[in-house]
Amino acid sequence: MTNFLPHDLCGFFSPLGVGTFNMCRRQRQPKKASEPMSKNTPSKPDFGKPLEEMTAADFERASRAASTRRENAKDVRYFVQQGGELPASPAVMVAWLTKVASQLAPATIQRRMVSVGQWHRENGYPSPLDDPQVKRVFSGIGRTVGLAQRTVAPLVRDDLLAVLAAVERQKPMRAARDSALLLVMFCAALRRGSAINVRVEDITEHQLGIDLILRRSKTDQAGKGLIVSIPYAQGSKCPVKAIAKWREISGITTGYLFRSVNRHDQVGNDKLHADSVCRIVKHAVKLAGLDESKYSSHSARAGFVTSAASAQMPLAEIAQVTKHRGMQSLQRYLRVVDQRRTKSLL
């Protein structure tokens with residue numbers, strides 16, 4: 001299987017690389033006594049008040065991630081700006097749907113409808129989404145326009161290597177940060193929200209590589225914690241070495257691992273914003289001569305899955321890295337890879 005991949009990244013997909021993930025999970029557990037969690041490590045949502053003063057409404061809000069609440073509020077604000085009103089009657093919702101059908105993608109319309117419905121439930125009003133006419137109108141929009149969602153291009157192994165070579169031509173601090181970020185997001189199949197929240201205190205080094213503790217993630221909103229193991233690569237493009245280099249030249253010894261770097265190549269104190277990750281990815285692929293409009297912060301994660309599937313890594317082992325709760329999303333990648341292997345009958 002190793003001959004599917006260049007030397008730089010073969011450790012992540014070869015039998016040695018796959019075994020490393022399994023061995024890390026069996027042999028290494030995050031240290032407790034010798035590596036206490038930092039007092040500043042975010043282990044639960046912060047509502048600006050002590051736990052004993054939180055109300056039922058506070059706990060109800062805590063059932064959704066802060067980022068989800070922000071996006072819901074943004075959607076509701078856009079709904080009002082586009083002619084909607086709160087509380088909204090079914091007639092108001094139908095009028096809004098008719099107006100935005102030619103302006104917004106169906107997926108965006110659907111997301112804003114869900115946010116408006118959530119607002120009504122939270123404020124004790126009947127949701128207009130339960131109305132049969134509203135359902136029929138949205139269904140008609142979907143049949144007319146189509147409900148296919150935009151998909152980004154995966155940053156696959158070969159393209160990643162080209163992007164990393166281009167990134168290294170930047171100023172030293174930015175090059176080190178971007179290389180470490182791209183490698184970690186690819187090799188650990190991290191979403192941007194997980195990547196920006198990695199802290200130095202959550203990194204455990206061992207002879208096979210490193211373990212990252214993800215305090216929270218999209219699939220772990222309750223904060224149970226996940227351990228992601230990243231093995232050493234056999235070549236120069238190694239995420240473990242890239243993190244060590246970034247920490248060494250940036251002087252970061254505690255707190256968030258990935259931080260802002262200004263135009264003077266100076267490192268900030270705050271963690272990267274989620275939107276900054278997308279800009280970093282787009283800038284990196286542009287430096288490599290690729291079409292930046294096709295890529296996003298999700299491209300590294302998608303690139304890992306696509307590259308692993310192309311290298312014939314078993315589905316269960318891919319899911320072990322990606323932490324997918326279901327196999328449906330992974331099967332989509334595998335179907336594409338399998339279709340490309342189909343031989344022509346002509």
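These legends describe close-up views of a predicted model.

**View 1. A stacked aromatic pair, tryptophan 119 and tyrosine 125.** The whole structure holds 3 aromatic pairs. In this one the ring centres of tryptophan 119 and tyrosine 125 are 5.7 Å apart. Their planes meet at 5 degrees, under the 30 degrees that counts as stacked. Both residues keep some accessible surface: tryptophan 119 is partly exposed at 23% relative accessible area, and tyrosine 125 is partly exposed at 38%.

**View 2. An edge-to-face pair, phenylalanine 186 and phenylalanine 304.** The ring centres of phenylalanine 186 and phenylalanine 304 lie 6.1 Å apart. The planes are at 80 degrees, so the pair is edge-to-face. This pair links distant parts of the chain, 118 residues apart. Phenylalanine 186 belongs to helix α8 (residues 172-187), and phenylalanine 304 to helix α12 (residues 299-310). Phenylalanine 186 is buried, with a relative accessible area of 0%. Phenylalanine 304 is buried too, also at 0%.

**View 3. The largest nonpolar core.** This core has 54 residues. Those with the most contacts inside it are Leu181, Leu182, Leu212, Ile230, Trp246, Phe258 and Phe304. Helix α8 supplies the largest share, 10 residues.

**View 4. The surroundings of phenylalanine 258.** Leaving aside residues up to four places away in sequence, phenylalanine 258 touches Arg177, Ala180, Leu181, Val184, Ala195, Trp246, Lys271 and Leu272. Two of these neighbours, Leu181 and Trp246, are listed with Phe258 among the residues with the most contacts inside the largest core.

**View 5. Alanine 242 in helix α10.** Helix α10 spans residues 239-250. Alanine 242 is buried, at 12% relative accessibility. Beyond residues up to four places away in sequence, alanine 242 touches Ala180 and Leu183. The C-alpha atoms of alanine 242 and leucine 182 are separated by 9.7 Å. Along the chain, these two residues are 60 residues apart.

**View 6. The buried residues of helix α7.** Helix α7 covers residues 157-167. Its buried residues are Arg157, Leu160, Leu161, Val163, Leu164, Ala166 and Val167. An α-helix has 3.6 residues a turn, so residues three or four places apart point the same way. Among the elements that cover the buried residues of α7 are α8, α11 (274-287) and α12.

View 7. Glutamate 201 sits in the loop between α9 (192-196) and β1 (203-206). Glutamate 201 counts as buried, at 19% relative accessibility; the cut-off is under 20%.

**View 8. Backbone geometry at proline 87, alanine 189 and aspartate 265.** Most residues other than glycine have a negative phi, and most peptide bonds are trans. The bond from leucine 86 to proline 87 is cis, with omega near -10 degrees. Proline 87 lies in the loop between α3 (66-81) and α4 (90-100). Alanine 189 has a positive phi of about 55 degrees. Alanine 189 is in the loop between α8 and α9, buried at 2% relative accessible area. Aspartate 265 also has a positive phi, of about 65 degrees. The loop of aspartate 265 runs between β4 (259-261) and β5 (267-271). Aspartate 265 is buried, with a relative accessible area of 14%.

Notes
Residues are numbered from 1 along each chain as its sequence is written. This is a predicted model: local features need pLDDT of at least 70, side-chain atom pairs count only at pLDDT 80 or more; totals for chains, interfaces and linings use all residues. Side-chain values use heavy atoms; hydrogens and water are left out. Rings of Phe, Tyr and Trp (its six-membered ring) pair if their centres lie within 6.5 Å; planes under 30 degrees apart count as stacked, over 60 as edge-to-face and the rest as tilted. Buried means under 20% relative accessible area, exposed over 50%, partly exposed in between (1.4 Å probe, protein chains only). Helices (H or I, at least four residues) and strands (E, at least two) are DSSP runs, numbered from the N terminus. A nonpolar core is a set of buried Ala, Val, Leu, Ile, Met, Phe, Trp, Tyr and Cys residues joined through side-chain atoms within 4.5 Å. Contact means heavy atoms within 4.5 Å.
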